[in-house]
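I opened my notebook today to get to know a new structure. Here is the picture I worked from.

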Amino acid sequence: YREYTSLNNCLNTQTENPNITEPVENDVNPNKNLVTANTIMNVACYADGADTTRVAIDNAWLTGPGNYIRIFAPVASSVVGVSQRHAGVWNTAKYRLSPPVANLNEITVQTNYVRIEGLQITVTRDSGGADGIYTNIGGTGEIRISSCIMKGVLSGTAANLAAISSWNDSVNLEVKIWNNILYDFINGTNNNHVIYSNTSKTYAYNNTLQNVRNGLTHNGGTFVAKNNIVQDATNDGYVGTFTSSDYNLSNIASDAPSPSYRSGQATTLTFSDKAGDDFHLTAGDTDAIDDGADLSGDGLISYTDDIDREIRSTWDIGADE
């Protein structure tokens with residue numbers, strides 16, 4: 001049996017799987033002070049069916065730069081027999097966090113050092129403005145969100161929400177977002193966003209955003225955007241003034257911060273199967289292929305692969321190499 005039957009049971013309530021009988025009952029739940037324990041909390045998410053419970057990672061968890069919480073879908077053969085992670089396209093046979101409709105965040109992060117890797121998350125709303133991954137942290141910290149697929153299912157009066165948002169009390173928090181595919185965050189003309197930054201230092205690299213009202217939104221703090229794709233944006237792909245940003249694409253002219261490539265131009269890409277929500281790049285569509293900035297030496301985010309774990313050579317724009 002799994003130690004916990006949901007991500008929430010592991011990181012919030014610490015409710016153990018009742019099917020596990022221990023010879024002598026000892027508290028096997030981890031110490032929430034990871035700094036004192038000098039450890040990393042690895043939380044592996046398995047594809048036993050949809051995880052339907054939202055999770056709050058509160059500030060009872062004490063974390064540090066080397067003592068973080070890592071939430072991931074296992075993929076490497078050295079870790080798991082069969083990969084539990086998607087391959088760049090939504091897959092119900094892989095781990096997915098898909099709670100029912102409600103005006104509540106799917107993941108709320110309130111501790112300072114958390115990494116979220118390779119998850120699939122559905123954001124279902126028919127009212128309100130709760131976000132998919134919501135961070136609200138004071139002080140210094142680092143939140144990493146990489147290689148995830150997030151899709152919106154928005155209806156009714158769902159408005160003023162984002163797939164990923166940072167509403168933080170400190171400019172010393174860094175939110176690093178890369179290699180993600182984020183789509184269908186649109187509900188008519190309601191004011192919805194995909195990646196929203198308020199006061200933190202936000203870095204968004206090599207993300208693919210499709211079918212959105214507003215894409216990346218800079219409302220405060222520092223926001224650096226590089227190698228991002230925004231397609232089928234109906235209002236604004238890049239909202240606000242970005243810092244040191246380049247090699248971004250948008251379907252809207254004079255929108256993407258991209259002084260070095262296709263500056264001011266509207267770019268329409270052909271994905272592998274847009275109708276089937278497969279947003280891999282096709283070989284015949286060269287506007288994003290081999291035209292991105294090589295970020296392997298960027299220093300702010302260390303990665304050399306794409307959402308499928310393929311090594312980037314001559315870097316493409318977007319989540320797929």
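These entries go from the whole protein down to a single pair of residues.

**Entry 1: what I am looking at.** I noted at the start that this is a predicted model. I then looked up the secondary structure and found 20 strands and 2 helices in the protein.

**Entry 2: overall build.** I checked the radius of gyration, which is 19 Å. The globule rule gives 20 Å for 321 residues, so the protein is as compact as a globular protein of that length. Along the principal axes, I found that the C-alpha atoms fill a box of roughly 65 × 45 × 40 Å.

Entry 3: I looked up burial next, and 55% of the 321 residues are buried. The exposed surface comes to about 12700 Å², with carbon and sulfur atoms supplying 45% of it.

**Entry 4: contacts along the chain.** I took the contacts with a separation of 6 or more, and 63% of them join residues 24 or more positions apart.

**Entry 5: a sheet.** I followed an open sheet of 7 strands, and its order reads S1-S3-S5-S8-S11-S14-S16. The pairing in this sheet is parallel. Which strands sit at the edges? I found strand S1 (41-44) and strand S16 (222-226), each pairing on one side only. The twist from one strand to the next averages 10 degrees.

Entry 6: How many bridges join S1 to strand S3? I found 4, with S3 covering residues 69-72 and the two strands running parallel.

Definitions and conventions
Residues numbered from 1 in each chain as written. Predicted model: local features only at pLDDT ≥ 70, side-chain atom pairs only at ≥ 80, totals over all residues. Heavy atoms only, no water. Pairing = 2+ DSSP bridges. Axes fitted to C-alpha atoms, helices over the stretch in contact; angles between N-to-C directions. Rg over C-alpha atoms; globule rule 2.2 N^0.38 Å. Buried < 20%, exposed > 50% of the residue type's maximum accessible area, 1.4 Å probe, protein only. Contact = heavy atoms within 4.5 Å. Areas by Shrake-Rupley, 256 points an atom, 1.4 Å probe, with all protein chains shown as cover.
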